[in-house]
Amino acid sequence: MAVAVAVAVPMLGACGIRGTDVIEAGGPASFQAFLNRDTDMLLFFRAPDGSLAPVIRTVQSSTEFGDGYSESGSGDAAEDPIPTEKVVLALLSGPRTEDGAAGLTSTLPTPRLGTTIKLDRSRTDRIKADLPFALAPLDTTAIRQLTCTIAYSEEADGDIVVELTGQDGTSKSGTCGLDPDSPGNEPAATETP
């Protein structure tokens, strides 16, 4: 057996196939390459290292094709982007089982049934969000989760000022500051007083 392997190795090397160099094809793929704003929500959860991790959630709409066959994501149920209010409620619902298995967590409060998020889009350079819970007890990562989720729901590049106001009267505003081309897609939300 050892003889057969010893003979086969040189034969494989002499089959006329040349080795190739690594070919550069641009930077790493970002989540934006895979996001369909008409059917997907982009949520940000806490990664095990404390950074934010983007998670794409597809809103399922299905079209039936006869005996039990359905094609997910087709049809005209989602002609407009998913409302930011719905996206924030999905974020507040927390990570799914598969997200938790990947180590993703959240310290945001879970919404009660009938919870609503009020948004004010009266200015083009910012969005205001009135939230149904207190902001003061939230840590920086939780504020960043909200800021980045709202920013990317409103603008494809996430470049918008987000003003958060909690039930306790606490306000925080800032931008997501996520660079989709940076390694690890590390958002660094900036806060303004």
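Start by selecting Leu-35, Arg-37, Asp-40, Met-41, Leu-42, Pro-81, Ile-82, Val-87, Tyr-152 and Ser-153, which line the largest cavity. On a 1 Å grid over the protein atoms alone, a cavity is a set of points where a 1.4 Å probe fits but cannot get out, and lining residues have an atom within 4 Å of a point. Two elements each give two or more residues to this lining, β1 (40–46) and α4 (140–154). Color β1 to see the element that gives the most, with three residues.

Now color the lining by residue class: seven are nonpolar, one is polar and two are charged. Here Ala, Val, Leu, Ile, Met, Phe, Trp, Tyr, Cys and Pro count as nonpolar, Asp, Glu, Lys and Arg as charged, and the others, Gly among them, as polar. The space in the largest cavity is about 80 Å³, where a volume is the space filled by probe spheres set on the grid points. How many cavities of 30 Å³ or more does the structure hold? There is one.

Before moving on, please note that this is a predicted model, in which local features need pLDDT of at least 70 and side-chain atom pairs count only at pLDDT 80 or more, while totals for chains, interfaces and linings use all residues. Residues are numbered from 1 along each chain as its sequence is written, and side-chain values use heavy atoms, with hydrogens and water left out.

Next, select Arg-57, in strand β2 (residues 52–58). Is Arg-57 buried or exposed? Its relative accessible area is 5%, so Arg-57 is buried; the cut-off for buried is under 20%. Show its side chain together with that of Asp-99: the two make a polar contact at 2.8 Å.

Follow them from the N terminus in the order α-β-β-β-β-α-α-β-β-α-β-β-β. Of the 193 residues, 36% count as buried.

How values were computed
Helix = DSSP H or I, 4+ residues; strand = E, 2+ residues; numbered from the N terminus. Buried < 20%, exposed > 50% of the residue type's maximum accessible area, 1.4 Å probe, protein only. Polar contact = N/O pair within 3.5 Å; in protein donor to acceptor, adjacent residues only side chain to side chain. 1 Å grid on protein atoms, 1.4 Å probe; cavity = no way out; pocket = protein on both sides within 12 Å on 5 of 7 lines; lining within 4 Å.
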